[in-house]
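The sequence and structure are shown next.

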Amino acid sequence: MSKELDIAFYVGDDSKDKDEDLGRNCSKKQIIIGVCAMAKKANSAAMSEIVERLRRFDELGVTVFEEEIILEYPVEDWPVVDCLISFHSKGFPLDKAISYVELRKPFVINDLYMQYHIQDRRDVYNLLARKDVSQPRYAILDRDDKDNRGPGLVEEDDHVWINGDFFTKPFVEKPVSAEDHNVYIYYPSSAGGGSQRLFRKIGSRSSVYSPVSKVRQTGSYIYEDFMPTDGTDVKVYTVGPDYAHAEARKSPALDGKVERDKDGKEVRYPVLLSAHEKLIARKVVQAFKQNICGFDLLRANGKSYVCDVNGFSFVKNSSKYYDDCAKILGNMILRELAPSLLQIPFLNFQPEDIPIVPTTAGSMMELRCVIAVIRHGDRTPKQKMKMEVKHKKFIDLFERYGGHKTGQLKLKKPQQLQEVLDITRYLLTELNNHESEVCESIEEKKNKLEQLKSVLEMYGHFSGINRKVQLKYQPHGYHRNSSEDDTTGEPSLVLILKWGGELTEAGKQQAEELGSAFRCMYPGGQGDYGAVPGLGLLRLHSTYRHDLKIYASEEGRVQMTAAAFAKGLLALEGELTPILVQMVKSANMNGLLDNDNESAKFQKRVKDKLQNVLNKDKQFTEEDYINLGAKDSISLASALHFIGNPYETCKNVYESMVKILEHIKTLAAKNQEDSLPNLDRNSDSDSDSDSDERHHDVSIDKLYKSESWELMVRRWSKLVKDFRMKDGKWDISKVPDIYDCIKYDLQHNYKYFPKGGDGDKLYSMAKALADIVIPQEYGISCTDKLQIGQCICTPLMKKILNDLQRNVDEDATRLDSRYSKGVSTPHRHVRTRLYFTSESHIHSLLTILRLGSLCENNDTQWERSMNFISAISELNYMTQIIIMMYEDINKEPQSEERFHVELHFSPGAYHSIRNKQYPSGFGFKPSEESENQKDEVSSSVDSNCLNVPKVAKTCQFKPSKLLYYRIFDPIPMRGRVSSEPDAVLSAKRLKKLSLPSAAPGGKSKILTTKSQSTEKMDKCEDTLYPLPECDMVKQGLISTSVISGSASAPALSKFEMGSTLRLASGESVAVPSVRPLETLHNSLTLKRMETFLTDMIETHFADNFNENQKSAQKTSISKS
């Protein structure tokens, strides 16, 4: 056999004790290399390219064995060669090749004995483990081994036991035969369940999604942990132990679509390997004794794992690789057989210039980093039920899952929810059996148990993250609306059931289309987005010059929004479940995007204050405006004026809800006579006859998302019951839920709500109340807002700070410019971090940006942006806060001007498609606007939001004059709390200003007459509150109209206003469009952002909050 290979062949060998005779002999006679493989492989394009280059060595000759000789002739008649390149493929007689090696003893490039082991994944995994090569955790289910008496397979809903090893979904199931490519990936029910089935490529498909979640019951398999690779697979090709070439492709498990080039070849791009990954390649080569070898590498969680070894493999369509491979093989052979003739290869490449792109500020820089915080898409109403439980079965469940350790327990997994359902069914059965002795010991309320059972039985299964149960220990018993200190009684548990809040089909389409539009923010995004393949983000991402990470909170609606957005962003196909599992990170994020923080205790104080203020039976006074923070918010001032008397408005809300509930009961009775036995069928009145007539021809047996009429009745009944408290006051904490429900039903169940009826009236009042309650729940005073915002957003701010500082991640999959072909700018690299979360993080982060020390007091851009934000009444679904960082390579590396930061913001989707006057646009950049249009834009605070002069009516505390609020003086913010009382500050800042609206010639037009104001108020009540400005200004993906009035470039196509989505069931779903991004600031520096975020993370606002609380208490006592 051959001598052991010298691994230092790159540096040559000048030792004199080598076989110089063989060298002199080889100068006269060539060394013959034999290629022994099936004809399809031996004559492939890659092999032909390398053979051609090997023949350029004067000392080497190449003989390709004919397939007929390999299959039909005995090995004694095969050509005699000095070196053999031989490898197994389908039909190849490996045993004959081994016999030939034993007979002729040539120098073998790839060991033939080891090729038997490569065909069995069990041997591959065991050998990798012995050589200490990182691989996913795995277990082998060997049904072929008759002597195996282990426990085998135990399968449950979301996990399996393999011979005692526990695997939770997602996990991978691989046949033990390496020739079997039918690999399955099983997904958890929380992500939608089912499985992705991979197979050898057929046309343009490499996998399909299947709803089947059960593992295969026959055959032997390897089970391994699924590794989240962000949708990328890396294939490594070695030539000897010291050379490794890597290529990346879209993971076949992502959407199953194979990306092919014009020649029909799968699109792959060369990427760089880290030093650790090169060491892995050396270990694989030496362990399997395969100099030419391919293996699959998974990059996940900052580490690299080998998941398969393929044996002999060549790179396709890379001239640089062919050159390198031939040089290395030639030198390897000469080193072994004629070391004196060794040639040293020289690898060289020249980097290309990094391109620059325009910023919104007009300068030319390179985009380096994009950070976006995005609210989830349109969802069903969130619902919650609380009940006290004392039964031993509930207490045992609480203790079994460790609830006694922390005093609370969250149950979300299918098995856990099934246990709760089983207990509920048992208790109801006993309660219905009045003769049972157990019945007397059950203290749980029957109606609560029935609702718990009804919700848990929805859909017939527990797939998707749409229900959860919380259990909290109450040492003194549970009493609604009482603090723990006020309660006395036996210990118990409070069970909190949460359901609803699922992403709707409209929400999925909103997210997917916004993701598609998002591509246009990147270099090359000019033109009709998505219509030019190979440009913009898709080109950047597919060539591995884009480091993308997507994070989402644990809520199902947030995770599915992230998956839908990724589908649109990367132009993927198929189901969302595979995309969610592979692209979206949501576990073990240490509170990054969830609300497990200390903000609740601060928010409770704020909610108590709102409860008192909004239960006053009198018109809002100037003091109320100041106390509620209306001095700082145009939208809040408008909402307060719209409400007038809060108690009366709440009373009107309640009466409208009662009418709507009766209307729903009437419709439900028609459709579910048998399923709603307790309905009050005498609720029909003469006033309903017109409504019934209007709906006579309408198919009313289907509600959106297959919600039952019983659940809809319960949804509204609960709101009616909870909103009016026993003492006659209104529960203001229910306002967001009321707004949630009517907003949802007007959009998705609109055919059951006559236009202009009680539904629209309730919407206008609930919207105005919500515009006060929702933003103020995150703080009323500046100190409140900063403290609560800091509690919620500190982990996220730390992560954003880290993202900005590490804008080039060495661990990311990056293009290797030495082997890139057809990529004009291989050194360009952009880092993108997308954070999908709920409303609380959006409000809190925007608060931090507004009230922190980001900009100086005299910054005109920032003043205009703050006025713009103050006019926005709602941070709706798909609200976005975006930070973009550019690098100016012409500046000194240490200069503050080296990195340029821009801040952009969109308040999300338009409110409702029932008002056809809403302006159009997802926010795509328009063609250059005319000068007149520029004037119009510059003279309006927000053409898409509340136009204050037309909607903010006369303030009650000065009825003789029309007042408008515009905040040019910054409020006490930036982490510094003023020593002046709020009343003094507000007096300084409360300004009587006429806010200009667009007028011909660019002149300001001021609304002053009572008739104009009244007309606008009537319009408001006629449609939906608030009515946005309706001049159809062409929208851009990123607009700079607020800060400068200039149009943004480059140009993109116009997009329609909203859309209608037709579901498979035949339903048509309204999809409101999303507002464009508005630039808040485009001349920040990286150092400024770093200083700002660091200050917001480290400042202790809690001290200021507590001081304010003490001061307020003293004032209250002195007044008393």
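Which residues does F723 touch, not counting residues up to four places away in sequence? F723 touches C650, V653, Y654, M657, K729, W730, D731, K734, V735 and I738, where contact means heavy atoms within 4.5 Å.

This is a predicted model, in which local features need pLDDT of at least 70 and side-chain atom pairs count only at pLDDT 80 or more, while totals for chains, interfaces and linings use all residues. Residues are numbered from 1 along each chain as its sequence is written, and side-chain values use heavy atoms, with hydrogens and water left out.

F723 also belongs to the largest nonpolar core, which has 104 residues. A nonpolar core is a set of buried Ala, Val, Leu, Ile, Met, Phe, Trp, Tyr and Cys residues joined through side-chain atoms within 4.5 Å; buried means under 20% relative accessible area (1.4 Å probe, protein chains only). M657, W716, F723, I742, L804, L854 and F905 touch the most other members. Helix α27 gives the most to this core, with 11 residues. A second, separate core of 50 residues includes A191, A253, L367 and L1077.

An open sheet has five strands in the order β16-β15-β14-β17-β18, with antiparallel pairing (at least two DSSP bridges between two strands). Helices (H or I, at least four residues) and strands (E, at least two) are DSSP runs, numbered from the N terminus.

| Strand | Residues |
|---|---|
| β14 | 232-239 |
| β15 | 244-250 |
| β16 | 269-271 |
| β18 | 303-311 |

β16 and β18 each have a single partner strand, so one side of each is left without a neighbour in the sheet. β14 and β15 pair over seven bridges, with V236 opposite A246 in β15.
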